Amino acid sequence: MKKFLLATVAMVAFVGSASAADLAARPRPYTKAPPPMMAAIYDWSGFYIGANGGYGSSRKCWDAIVPSLVIGPEGCHDATGGFAGGQVGYRWQAGTWVFGLEAQGDWADLTGRNRSLVDARFDNASKVNAFGLFTGQVGYAANNVLFYVKGGAAVVSDRYRSFFAGTGTQVTSTNDDSRWGGTIGVGLEYGFAPNWSAGIEYDHLFMADRNYNFVNNGVFAAAGTPFASDRIRQDVDLISVRVNYKFGGPVIAKY
């Protein structure tokens, strides 16, 4: 009887192990694939406002004209100095191309003078007090780096004076004048933080020629009486650093 029970237990164990071997392996648990990675693409579209500052040079060439007593070229000088101001604009992006409109206004202190070549008793002096630019832009964006060209209208506020050579005694003056012209420029801008960008820009202003009547300041004749007339040619070169804040999200997601 004891031998029979042992044989029965051995047979049950054998059958159980064989049945387990015949069972199909359990499937591995399903794991969902991770979502594809998204690249952050900088978006230059939107309104922006910013500040700028830099260095400028205004080239002035004077020619004495009728009714001046002595006619001819009086020479040139560069009125140089610093400027600071702000800009506001809007850009929209289409693929890698960026288009924009911008208005810029700056206070300036560009001053210079030269000895008159037709009358060495006098120094001709000029100053640019302020300027404004109203431009359109076309740019190419490499993610958060933007290269652009710009062009449009420019206006400068000018002041012209004459002094006794080498002294601070003013002899003549003109009314302060706002002169309109054109401008072209080029810039490079870098988006360094959400909504913030910084850049560098160069602009050239074409201000053409303009005639000015100078009046006495009371040295040679009564103040306000005519003294001389000049045709003055002017061009302006500006280089500036800029910081802009753009309203709206700075990046878009792209698979």
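Which residue does a disulfide join to C61? The close-ups below begin with that link. This is a predicted model, in which local features need pLDDT of at least 70, side-chain atom pairs count only at pLDDT 80 or more, and totals for chains, interfaces and linings use all residues. Residues are numbered from 1 along each chain as its sequence is written, and side-chain values use heavy atoms, with hydrogens and water left out.

**View 1. A disulfide joins C61 to C76.** The S to S distance here is 2.0 Å, and a disulfide is counted when two cysteine sulfur atoms lie within 2.5 Å. The structure holds one such link. C61 sits in strand β2 and C76 in strand β3 (residues 72–94), so the pair ties together parts that are 15 residues apart in sequence. Strands are DSSP runs (E, at least two residues), numbered from the N terminus.

**View 2. C61 is buried, while C76 is partly exposed.** The relative accessible area is 11% for C61 and 31% for C76. Buried means under 20%, exposed over 50%, and partly exposed in between, using a 1.4 Å probe and protein chains only.

**View 3. The largest pocket has a volume of about 350 Å³.** A pocket is an open set of points on a 1 Å grid over the protein atoms alone, where a 1.4 Å probe fits, with protein on both sides within 12 Å along at least five of seven lines; lining residues have an atom within 4 Å of a point. Of the 20 lining residues, S68, D119, F122, F227 and A228 are the closest to the centre of the largest pocket. Strand β10 gives the most to this lining, with four residues.

Notes
Grid points are joined across faces, edges and corners, and a volume is the space filled by probe spheres set on the points.
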